[in-house]
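Try each task yourself before you read its solution.

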Amino acid sequence: DGAKTAVERALKLDPGYGSPSLAMADYFNGALDPAVEQIGRSEGKPAADFRVALWKALILRAEGNAAGADQALEAGAGALGTAQWPAPLFDFMRGKISEDKLRLAGKSGAPREQAEKLCQIDFYIGETAFLAGNKDGARKALRDAVGTRIFYYPEYVAANARQARMNP
């Protein structure tokens, strides 16, 4: 609620302001149209990163717009260029690699970097499972994302948010 209030104040100052954080809050509260609008405002901005395309895809999938989600993922993957990471996240979300291959791709770098990747991996696996109706798979992956303790990543916060909104 506090984030939403802060963003609403920012929107009064700059009506074109886009906030991935507000898009996430709207998404988890079931306000998918405002979430799409917010994430759309974030695209192409200097502060936008790869997460904007991934979140846009999640929101569109939740709306039932699989074609739009695929288009967002293709555009996001194309914008990565030759980046080694997070390309596997896009490949997984597009159905090009399995969960196992995604996890294997996250096993590079220093231990902290691996934990950060694992937080992202487990969140996107969990949220994809949730959207597909696999609540048991979602619970396990989301629990694992939170278990990384990478509290400064939006995926950590999102994993907690999804867990709080799932039925026991």
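A helix axis here is a line fitted to C-alpha atoms over the stretch in contact, and the angle between two axes runs from 0 to 180 degrees between N-to-C directions. Keep in mind that you're working with a predicted model.

**Exercise 1.** Work out how helix α2 and helix α4 pack against each other, and what kinds of residues meet there.

*Solution.* 
- Step 1: Two packed helices are described by the angle between their axes and the distance between the axes.
- Step 2: For α2 (residues 20-28) and α4 (residues 50-63), the angle is about 25° and the axes are 11 Å apart.
- Step 3: Angles under 35 degrees count as roughly parallel, so α2 is roughly parallel to α4.
- Step 4: As for handedness, α2 and α4 cross in a left-handed way.
- Step 5: Now look at the side that each helix brings along. From α2 come Pro20, Ala23, Met24, Tyr27 and Phe28, and they meet Val52, Trp55, Leu58, Ile59 and Ala62 of α4.
- Step 6: Sort the residues of this contact by type, and you get ten nonpolar, no polar and no charged.

**Exercise 2.** Find the salt-bridge partner of Arg103, and say which parts of the chain the pair ties together.

*Solution.* 
- Step 1: Side chains of opposite charge can pair when their charged atoms come close.
- Step 2: The partner of Arg103 is Asp122, with the closest N and O atoms 2.6 Å apart.
- Step 3: Arg103 sits in helix α7 (residues 99-105) and Asp122 in helix α8, so the bridge ties together parts that are 19 residues apart in sequence.
- Step 4: Check the accessibility: Arg103 is partly exposed at 25%, while Asp122 is buried at 2%.

**Exercise 3.** Is Lys117 buried or exposed, and which residue does Lys117 form a salt bridge with?

*Solution.* 
- Step 1: Locate Lys117 in helix α8, which covers residues 111-131.
- Step 2: Buried means under 20% relative accessible area. Lys117 has 5%, so it counts as buried.
- Step 3: Leaving out residues up to four places away in sequence, Lys117 touches Trp85, Ala105, Gly106 and Ser108.
- Step 4: The salt-bridge partner is Glu113, with the closest N and O atoms 3.4 Å apart.
- Step 5: Lys117 and Glu113 are both in α8, four residues apart, or about one turn of the helix. Glu113 is partly exposed, at 36%.

How values were computed
Residues numbered from 1 in each chain as written. Predicted model: local features only at pLDDT ≥ 70, side-chain atom pairs only at ≥ 80, totals over all residues. Heavy atoms only, no water. Helix = DSSP H or I, 4+ residues; strand = E, 2+ residues; numbered from the N terminus. Buried < 20%, exposed > 50% of the residue type's maximum accessible area, 1.4 Å probe, protein only. Contact = heavy atoms within 4.5 Å. Parallel < 35°, antiparallel > 145°, perpendicular 65-115°, else oblique. Left-handed = near helix turned anticlockwise from the far one by under 90°. Nonpolar A, V, L, I, M, F, W, Y, C, P; charged D, E, K, R; others polar. Salt bridge = Lys/Arg side-chain N within 4 Å of Asp/Glu carboxyl O.
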